[in-house]
Amino acid sequence: MRNQQSTQGILSIIALVCLAAGWFNFFSPEINNLLSRKVFYVLIGISFFLQAPLLSNKNFVYAMYAAAAICVLGGLFIPLGTKLESIKTIGLLGGIILSIVNRPTYRQ
């Protein structure tokens, strides 16, 4: 379980590096688009897949799998520049919201 959490964290960080590389135009426009609009979503989706079985609220597990699938499939198969591209962002926001809502609350 610990190994899965660290893998999920590393994937998330690599995904953020891809997003930053695309935003700050470190490479050619084609590579920047590929990193920030395709690779980012695939990596975040894989990270969501790894996070799903670790959720403490089991009601959110299938929703997290759905968010992960939307991100991965959208990143791989939805062409850049189409109106369908916003579906990837919906999957991303869904996964982030599920992650935040699932955080344990600590009382002192």
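User: How far apart are the end C-alpha atoms of residues 39–56, and how much of the span is helix?

Analyst: In this predicted model, the end C-alpha atoms of residues 39–56 lie 28 Å apart. The span is 72% helix and 0% strand.

User: Which annotation covers that span?

Analyst: An unreviewed UniProt entry gives it as "transmembrane region". The record also places residues 6–27 and 62–80 under that annotation. Residues 6–27 are 82% helix and 0% strand, with end C-alpha atoms 28 Å apart.

User: Where is Q51, and what does Q51 touch?

Analyst: Q51 sits in helix α2. With a relative accessible area of 14%, Q51 is buried, because the cut-off for buried is under 20%. Beyond residues up to four places away in sequence, Q51 touches Q8, M64 and S99.

User: Where is P53, and what is P53 in contact with?

Analyst: P53 is in the loop between α2 and α3 (61–77). Its relative accessibility is 34%, so P53 counts as partly exposed. Leaving aside neighbours within four places in sequence, P53 is in contact with Q4, K58 and Y65. P53 and Q4 are 49 residues apart in sequence, yet their C-alpha atoms are 9.9 Å apart in space.

User: Is K38 buried or exposed?

Analyst: K38, a residue of helix α2, is buried at a relative accessible area of 16%. Not counting residues up to four places away in sequence, K38 touches N33, G75, L76, I78, P79 and L80. K38 and G74 are 36 residues apart in sequence and 8.1 Å apart in space, C-alpha to C-alpha.

User: How many salt bridges does the structure hold?

Analyst: The structure holds 2 salt bridges. R37 pairs with E85, and the closest N and O atoms are 2.8 Å apart. R37 lies in helix α2 and E85 in the loop between α3 and α4 (86–101), so this pair ties together parts that are 48 residues apart in sequence. The side chains of E85 and K88 also meet in a salt bridge, at 3.3 Å from N to O.

User: Which residues do salt bridges that share partners join into one network?

Analyst: R37, E85 and K88 are joined into one network. R37 counts as partly exposed at 28% relative accessibility. E85 is buried, with a relative accessible area of 11%. K88 is buried too.

User: How many disulfides does the structure hold?

Analyst: Start with the general idea. A disulfide is a covalent bond between the sulfur atoms of two cysteines. This structure holds 0 disulfides.

User: Which residues form a nonpolar patch on the surface?

Analyst: The patch is formed by W23, F24, F26, F27, I31 and L34. Together they have about 710 Å² of accessible area.

User: Where is F26, and is F26 buried or exposed?

Analyst: F26 is in the loop between α1 (2–23) and α2 (29–51). F26 counts as exposed, because its relative accessibility is 56%.

How values were computed. Residues numbered from 1 in each chain as written. Predicted model: local features only at pLDDT ≥ 70, side-chain atom pairs only at ≥ 80, totals over all residues. Heavy atoms only, no water. Disulfide = S-S within 2.5 Å. Patch = residues over 30% accessible without salt bridge, like charges linked within 9 Å, V, L, I, M, F, W, Y side chains within 5 Å. Areas by Shrake-Rupley, 256 points an atom, 1.4 Å probe, with all protein chains shown as cover. Salt bridge = Lys/Arg side-chain N within 4 Å of Asp/Glu carboxyl O. Helix = DSSP H or I, 4+ residues; strand = E, 2+ residues; numbered from the N terminus. Buried < 20%, exposed > 50% of the residue type's maximum accessible area, 1.4 Å probe, protein only. Contact = heavy atoms within 4.5 Å. UniProt positions renumbered as here; feature names shortened; annotations may be inferred.
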